[in-house]
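Dear colleague,

I am handing over the structure below, and some notes on what was found in it follow.

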Amino acid sequence: MTESAKLSGAKPRLYQTPSSYYSMIARLALAEGDVAYERVFVDIHYRLSQQQPDYVRLNPGMTVPTLVLGDRALVESRDIAEYALGAATDAETKAWVDLHYGYPIEELTFGGILARNPLARIMIPKRLEAARRQLLAHAAENPDLSSVYEARAAVFAGRIKAFEPDAVVALSQRRRTEAIGFMDRLEHALQDGRPVLVPPAYGVADVVWTVFLGRMEFAGLGAEIPKRPALARYWAALQARPSFSAADIWTKFHVGRLIGGILGFGRN
């Protein structure tokens with residue numbers, strides 16, 4: 001646990017969604033940092049709770065996770081990870097963390113779903129358009145937040161364009177190729193037998209790439225991991241850490257848990 005985490009006073013509150021990739025990063029970092037906190041469920045799928053004015057005032061980006069501390073709120077998973085484990089100040093850690101955050105993981109996840117499922121290519125763009133319209137309605141109803149809502153609506157307009165049915169198959173393949181390339185880079189770095197990505201200790205780089213490897217399993221790329229012996233060894237060790245289960249890292253889609261969270265069951 002970092003000194004700032006020790007001195008923050010009141011127990012932090014983590015606004016998060018179990019299935020959210022970036023929420024997993026926050027949960028894993030807090031578990032590794034031994035930071036006690038309260039989990040607050042945010043329904044980002046059905047009720048779109050992240051669009052409610054109270055939450056927007058907390059996190060204008062309308063994303064999860066958000067970690068509320070006594071004197072401030074951290075609204076980026078990277079900031080939460082560095083709060084829990086210390087900032088990535090050395091060049092190697094920073095390079096690995098920058099590489100991770102430069103990759104649009106949602107384009108791999110949703111692009112893959114859309115590329116494989118013709119029905120999803122119809123339904124998901126409609127859902128995105130509905131969310132965009134709702135954001136504009138919130139802008140009209142909340143003049144003090146109108147610019148924030150309008151900016152977020154523009155983000156959704158960009159997603160609709162990115163996931164156009166005619167382009168999504170090529171997008172999905174490009175993101176899959178890039179993800180496999182990242183696994184090759186990890187394999188190369190780990191071939192010297194190091195137990196963590198940046199020795200001597202597990203840190204922020206390990207947190208983000210743990211969740212990335214979990215998403216590889218989730219996205220149907222898990223078979224690529226055993227092809228790389230050093231990466232397979234590393235992945236097995238990451239999964240064996242107590243923090244992995246404590247942070248609830250999803251390596252597959254849990255329909256029942258997703259519905260249960262929306263209905264109020266198993267929201268932790």
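The largest pocket is lined by 36 residues, and those nearest its centre are Ile44, His45, Glu106, Phe110 and Arg159; a pocket here is an open set of points on a 1 Å grid over the protein atoms alone, where a 1.4 Å probe fits, with protein on both sides within 12 Å along at least five of seven lines, and lining residues have an atom within 4 Å of a point. This is a predicted model, in which local features need pLDDT of at least 70 and side-chain atom pairs count only at pLDDT 80 or more, while totals for chains, interfaces and linings use all residues. Residues are numbered from 1 along each chain as its sequence is written, and side-chain values use heavy atoms, with hydrogens and water left out.

The volume of the largest pocket is about 1300 Å³, counted as the space filled by probe spheres set on grid points that are joined across faces, edges and corners. Helix α6 (105-116) gives the most to this lining, with five residues; helices are DSSP runs of H or I with at least four residues, numbered from the N terminus.

The second largest pocket holds about 200 Å³ of space. Its lining has 16 residues, of which Asp90, Thr93, Ala201, Gly203 and Val204 are the closest to its centre, and α10 gives the most to that lining, with three residues.

Helix α10 (residues 204-218) also meets helix α11 (residues 229-240), their axes coming within 11 Å and crossing at roughly 105°; axes are lines fitted to C-alpha atoms over the stretch in contact, and angles run from 0 to 180 degrees between N-to-C directions. α10 is therefore roughly perpendicular to α11, a term for angles of 65 to 115 degrees.

Best wishes

Conventions: Helix = DSSP H or I, 4+ residues; strand = E, 2+ residues; numbered from the N terminus. Parallel < 35°, antiparallel > 145°, perpendicular 65-115°, else oblique.
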